[in-house]
Amino acid sequence: METLVIALGGNALLQRGAVLSAENQYKSIALIADAIGELAKKYRIAIVHGNGPQVGLLALQNLNYRDVPPYPLDILVAETQGMIGYMLAQKLSASHPEQAVSTLMTRILVDGDDQAFQQPTKFIGPVYAPKEESHLRQQYGWTMKMDGEHLRRVVPSPEPKQILDIEAVHALLAKNQVVICSGGGGIPMVATEQGLQGVEAVIDKDLAAALLAEALDADHLVILTDADAVYTGWGTPSQQAIRSATPQQLAPLAVPDGSMGPKIMAVSRFVERSGKEAHIGALKDIDAVLNGSAGTLIHPAR
């Protein structure tokens, strides 16, 4: 049986602009649970999910309760791994009770000297009106950046280097479990003289998914998003879907900023290192994305 790594974007957990309630997240997750259960009949599956809105909300709630010092981001990432993993497992078990599923708390090693710690870029939390920027900076000391038409908090996002709990992922997949792991990009850890320590950061979940796919020697990596493919001229009258391309052909679009750039960087890295294929496409088209009739197929140079 082939191994498939699926990276679920934020839209799989919550529609953009929707209230970040448990009910709304369950509704979104229910839409994908059946499709994942069906895929599990054909593939060993590891799922990586985003956590930007959720970890940002937890951070905001922390700041508003003044009797206890705020918890650091690494602990909040761990909390979201448990919360989102539980919700995914609940809906998957409800739609496919015969399929075993596990959520694994996953630590990922990063470099403590990564330049990302000096240049925060990762969006977390809810959206705000641009006029609120000064107030948010002064009240919380946050770094803020525009995410499309809205303002959001940004935090450091260092490169993932090593999945510290990869052997547990291997063991669970060998038992035909659907494994929810590296959630929110993984809990960021640095190596110190005192041992491993968590750090104030959120790792990009697409780069973490690519690293996971490489570590598992996965046969497929698919990044699911709200766009049905990678496009040239996105947002213009001349926009055109790219159905098949090599990492070299997509290189001009593989930029850190924007919603699609990091996804292209992640799949390109996997394809170049593994010599295998990867996909980017819409959640609703997952079967067609995997068979190459929808989405964008990224393949090695032929």
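Tutor: The face of H5 that is turned away from its buried side carries the exposed residues Glu-167 and Ala-174, where exposed means over 50% relative accessible area, buried under 20% and partly exposed in between, with a 1.4 Å probe and protein chains only. This is a predicted model, in which local features need pLDDT of at least 70 and side-chain atom pairs count only at pLDDT 80 or more, while totals for chains, interfaces and linings use all residues. Residues are numbered from 1 along each chain as its sequence is written, and side-chain values use heavy atoms, with hydrogens and water left out.

Helices (H or I, at least four residues) and strands (E, at least two) are DSSP runs numbered from the N terminus, and H5 in this numbering spans residues 166-174. Its buried residues are Ile-166, Val-169 and Leu-173. They cover an arc of only 55° around the axis, which puts them on the same side of H5; the arc is that of the directions from the helix axis to the C-beta atoms.

The cover over these buried residues, judged by contact (heavy atoms within 4.5 Å), includes strand S1 (2-8), strand S2 (43-49), strand S8 (162-163), strand S9 (178-180) and helix H6 (205-215).

Just after H5 comes Asn-176, in the loop between H5 and S9. Another positive phi in a residue other than glycine, near 55°, belongs to Asp-217, which is found in the loop between H6 and strand S12 (220-225). At 53% relative accessibility, Asp-217 counts as exposed.

Among the contacts in the chain with a separation of 6 or more, 72% are accounted for by residues 24 or more positions apart. With 302 residues, a compact globule would have a radius of gyration near 19 Å, and the chain agrees, having 19 Å; this radius is taken over C-alpha atoms, and the globule rule is 2.2 Å times the number of residues to the power 0.38. Taken along the principal axes, the C-alpha atoms fill a box of roughly 55 × 50 × 40 Å.
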